[in-house]
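Welcome! Let's take a friendly tour of a protein model, going from the whole chain down to a single residue.

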Amino acid sequence: MKRLGDYDDLQSMLEMRDALMGASETHGLAAGMLCVKFDADFNRWITAVFDTDEQLEALTDSDKQSLIGLFDGTLELLKSEEFLFDLLLPDDDERISVRALAMSEWCQGFLYGVAYMGVGDDKEWSDDNRGVLRDLMEISRLDSDGSDDSDEQAFIELQEYVRSAVHMLLDELQLSAEAKNTEATVH
């Protein structure tokens, strides 16, 4: 998704800066955090991506702009009425095993982002969304070594499922956030 930045450029920058995660997982983390709370803190996200103050200080203005673009672009796509949201994954010309690994990492990041924002197992998820979370957990454990190029259609369907899963979880998480805000206002 060009709105989020170029996958390869982001991946190279994150590798060069010794980030804790790659581009897909970084995007998944942002998406998970923002699904819980649209006003999630950019600085909290960035400190989850980079381990040390030295790494953060080494970021150039261009690096920071790329990261801000990814975070803000993710928020914009999640808020879109048309739900234009998509996963930041390697281009379609990459081998399916590379894209499958990136999808697995994206799901890891997403689940981490939801938990990082304080939504844990104690949340009373709907049965459908509890199932969706289990599915995302399974996808995060995906073994991409066995993938070959004939799995293209299955990969496309899985990618669409993950997009839909994010939409379902977003709806429930935002309803929970609205209910908390209403409770806080009433008390």
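This is a predicted model: local features need pLDDT of at least 70, side-chain atom pairs count only at pLDDT 80 or more; totals for chains, interfaces and linings use all residues.

The protein has eight helices and zero strands, and 47% of its 187 residues count as buried.

**The whole protein**
- Among contacts with a separation of 6 or more, 77% are between residues 24 or more positions apart.
- The accessible surface comes to about 10,000 Å², and carbon and sulfur atoms account for 47% of that surface.

**Helix H7**
- Helix H7 covers residues 127-140, which makes 14 residues.
- From its first C-alpha to its last, H7 reaches 20 Å, close to the 20 Å expected at 1.5 Å a residue.
- Buried residues in H7 include Asn129, Val132, Leu133, Leu136 and Ile139.
- An α-helix has 3.6 residues a turn, so residues three or four places apart point the same way.

**A closer look at Gln55**
- Gln55 sits in helix H4, which spans residues 53-58.
- Is Gln55 buried or exposed? Gln55 is buried because its relative accessible area is 13%, and the cut-off for buried is under 20%.
- Leaving out residues up to four places away in sequence, Gln55 touches Arg17, Asp18, Ala19 and Phe50.
- Arg17 is 38 residues from Gln55 along the chain, yet their C-alpha atoms are separated by 6.3 Å.
- The Gln55 side chain reaches the backbone nitrogen of Asp51 at 2.6 Å and the backbone nitrogen of Thr52 at 2.9 Å.

Notes. Residues are numbered from 1 along each chain as its sequence is written. Side-chain values use heavy atoms; hydrogens and water are left out. Helices (H or I, at least four residues) and strands (E, at least two) are DSSP runs, numbered from the N terminus. Buried means under 20% relative accessible area, exposed over 50%, partly exposed in between (1.4 Å probe, protein chains only). Contact means heavy atoms within 4.5 Å. A polar contact is a pair of N or O atoms within 3.5 Å; within protein, one must be able to donate a hydrogen and the other to accept it, and residues adjacent in sequence count only if both atoms are side-chain atoms. The expected span of a helix is 1.5 Å times one less than its number of residues. Accessible areas come from the Shrake-Rupley method with a 1.4 Å probe; for residues, only the protein chains shown count as cover.
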